[in-house]
Amino acid sequence: MIMSKNSMTSRVLGVFAVALGLIVAVVPHYVFPVCQYSGMLVQTMAGTYIPMRCYWTATAEVGLGAVIVVTGLLLFVSRHIETRMALGFVLGALGAVAALVPTYLIGVCANPMHPCRIATQPALVLLGMVTVIFAIIAIATARGAPRE
Amino acid sequence: MKGLGLLQLSRQNLRRRLFRTLAVATCLGLVTGILFSESLIAEGVQRSLQVGIARLGADILVVPYGQEMPVQTSLLTGEPTSFYMNRSVERQIAVVLGVERTSSQLFIASLQRASCCSGFFQLIAFEPQSDFTITPWLKSNLKRPLGSDEVIVGSKIFTPEGGELLFYGHRFTVAGKLEPTGMGLDAAVFIPIQTAYLMAAESIVKAERPLAIKPDQISAVLVKVDSATLPDIVASRITRNVEHVSVITSVRLVKSVGEHLSGLIQSLFLLTGTLWAVSTLLVGTIFSMTMNERRREIGLLRAIGATGRFIFKMVITEAALLTFIGGLLGVVGGGAIMFSFSLLISKSLEVPYLWPTFVQVSEMIAISMAIAILTGLLASLYPAVVASRMEPLYAIRSGE
Amino acid sequence: MTKIYDCGHYQVAAVKNIDLEVRKKHFVLIAGRSGSGKTTLLSLIGGLTRPTSGYILFEGSDIWALDDRSLSRMRNRRIGFIFQFASLIPTLTVNDNLKLAASFHEVDYDVGGRAKDLLALVGMSEKAEAYPNQLSGGQLKRVAIARALMNSPDLILADEPTGDLDEETEKEIVQILKKTNEDGATVVLVSHSPDIAPFATRRFRMSHGILTEEDEVVR
């Protein structure tokens, strides 16, 4: 199949975005799992068990990861400049949110020695930033693509 | 006036051969990143020890016989521990030749998962009159003595200033937080020794498990040696004159960390050295192959007036630019990973860690970048010489 | 001069005992079959290869007595090469390919302006920012000519400049070379094209490394 260099770039970026999305979803559960004390639950003063913040972060990242995967797939099949640029911006936003969820939007445990603070949080922030970098590359390289 | 510069020419060549550029840059970036990360680890451990030992203020730590390991672990990683000896030890140490000052401390581990304790921490009780660990900080930061129910916490304790902590049923207020050292002291809580004895006495009623400490018991004696004597000499004098104690010098503390790390660091540097050699060969091979492919181009350049020297400089500049990009990627990537995961790495390696100073990091960046660029220059030297000596017609013909 | 190629088991004499004098402002045409040694002869004249025996004098000086820097400078300032094959640097735009000619030694003219003028002369102004792989064969030749003229050389060495071109383009290129010669440059041109013969002041035929002047035998 004859493929232009430019559309090859879009496909490569799409594959990378899919991989990033999968990693974002998987990291807080399997690679650097969030706090497992009492199965991600914390006991309140009243004696009931509620999920810790890192639990909610891990759940949110699964959703974000899935959307990044879908964006990557769309990037893979897109040909035109407008579509690719739009997808690039969406990817960038998703990456930013993926980094903000464990830091400001939801956060993780307050204890600086918990695994969610020393491993999960920095991993997700890094992954989010890498996703944003890929998004910038996707936007920059979309310029050579044909118009609709 | 001149036409295209060497840098411009090289940049264009790299841009148009993007796959090759990315492949070589990634390879070199990986090696540079690993090298940079290793130096960050080594420097970070050093810095942590320097800052931590300076915070401790002592040249020698005297503990009950056989308790060196738990103390070292507590100081380095913050793993809580408790041990006691009679206070008379301090009086014996004070008269040893070369000892300038002494101060006793109590090491108490709080209870794990007990309602009477806020968490599992190392409590260090100090003597306000003789102390030289916390007192300097109190003088410059709090600017007043610590109240009887007040504590100073290390940087890793997440209770804020003004917050409350509970130990053995006794309530404390956090009066201040120390700057990080990267050592176990960051997870310690410093309380006045008299309050510790009171807490112990009250624990029979207030705590889930009582804290059995008598008012004549201490855990450790911190010793400051006079400037005219070496700490090792005073340490051996203490060992000879005082019974049932173990002596830890700050030098030995540093050495033990060094020994623990050295095996790992040596293997890492060996691995990196091998990787670097392989990368240099790879870059050299790629450059040779590329120059072979570009024979006609080189012949053409010579035909339109390029000197052999220009060709040599062009190849070298391209290599330097390529490896500069790779080095930059490595430094940024390695730095980002180290910065994000320094606590995790420190915990996994069981070593103290404090991020190096700006000057130290800049030096390491400069060295890593220099190694990356030198790799490019070395690898491209032979191809550059060959290219510069090619007869123009031969180059043009063999490229057809 | 003689040029012998050593091919390992055997040797090939591409140029045999040629004694050639080219005067200023002449238009010299060399015709001959493929493999007759024409390209080697041009390369010898331009200092791209050293003769096995004999010498090459440029305005009375032996070019192979010069050091690399001086010889390169001579190739850059005094000689313009137009090769038979595509001779542009593939990683540079058309404009940058022209500017390349001014990159090796200091020049005393406006490089950008001169490149623009020459591209206009050869009818390639619109393709200034194109890359060689985006141009046709004829367009590549035009740019190659423009580059050869960048430093206003005294001597143009052209190897089949109109090969593989359509009639119209061929005529345009011949006109450009003719004008260059009229402006004072000496042209030594290798070509089969019958359209060029009328402009030549001297015509030669090359066969098996031996050069023969048409209407006169030259050794």
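Is the crossing of H3(A) and H4(A) left-handed or right-handed? The views below treat this crossing and other close-ups of a predicted model, in which local features need pLDDT of at least 70, side-chain atom pairs count only at pLDDT 80 or more, and totals for chains, interfaces and linings use all residues. Residues are numbered from 1 along each chain as its sequence is written, and chains are lettered from A and ligands numbered from 1 in the order in which they are written.

**View 1. Helices H3 and H4 of chain A.** Helix H3 (residues 81-105) and helix H4 (residues 115-141) of chain A cross at roughly 165°, their axes coming within 8 Å. Axes are lines fitted to C-alpha atoms, for helices over the stretch in contact, with angles from 0 to 180 degrees between N-to-C directions. H3(A) is therefore roughly antiparallel to H4(A) (an angle over 145 degrees). The crossing is left-handed, meaning that the near helix is turned anticlockwise from the far one by less than a right angle. The contact of H3(A) with H4(A) involves 19 nonpolar, 8 polar and 1 charged residues; Ala, Val, Leu, Ile, Met, Phe, Trp, Tyr, Cys and Pro count as nonpolar, Asp, Glu, Lys and Arg as charged, and the others, Gly among them, as polar.

**View 2. Chain A as a whole.** Chain A contains 4 helices and 2 strands, arranged along the sequence as α-β-β-α-α-α. Helices (H or I, at least four residues) and strands (E, at least two) are DSSP runs, numbered from the N terminus. Of its 148 residues, 38% are buried (20 or more other C-beta atoms within 10 Å of the residue's own; exposed means 12 or fewer, and partly exposed in between, with C-beta atoms placed from the backbone).

**View 3. Helix H7 of chain B.** In helix H7 (residues 231-241) of chain B, the buried residues are B:Val234, B:Ala235 and B:Ile238. Seen down the axis of H7(B), these residues fall within an arc of 105°, so they line one face of the helix; the arc is that of the directions from the helix axis to the C-beta atoms. The exposed residues B:Ile233 and B:Arg240 are carried on the face turned away from the buried side of H7(B).

**View 4. Surroundings of B:Ser380.** B:Ser380 lies in helix H11 (residues 358-389) of chain B. This residue counts as buried because it has 27 C-beta neighbours inside 10 Å. Leaving aside residues up to four places away in sequence, B:Ser380 touches B:Phe287, B:Val315, B:Ile316 and B:Ala319 (contact: C-beta atoms, placed from the backbone, within 7 Å).

Definitions and conventions
Angles under 35 degrees count as roughly parallel, over 145 as roughly antiparallel, 65 to 115 as roughly perpendicular and the rest as oblique. Two residues are in contact if their C-beta atoms, placed from the backbone, lie within 7 Å.
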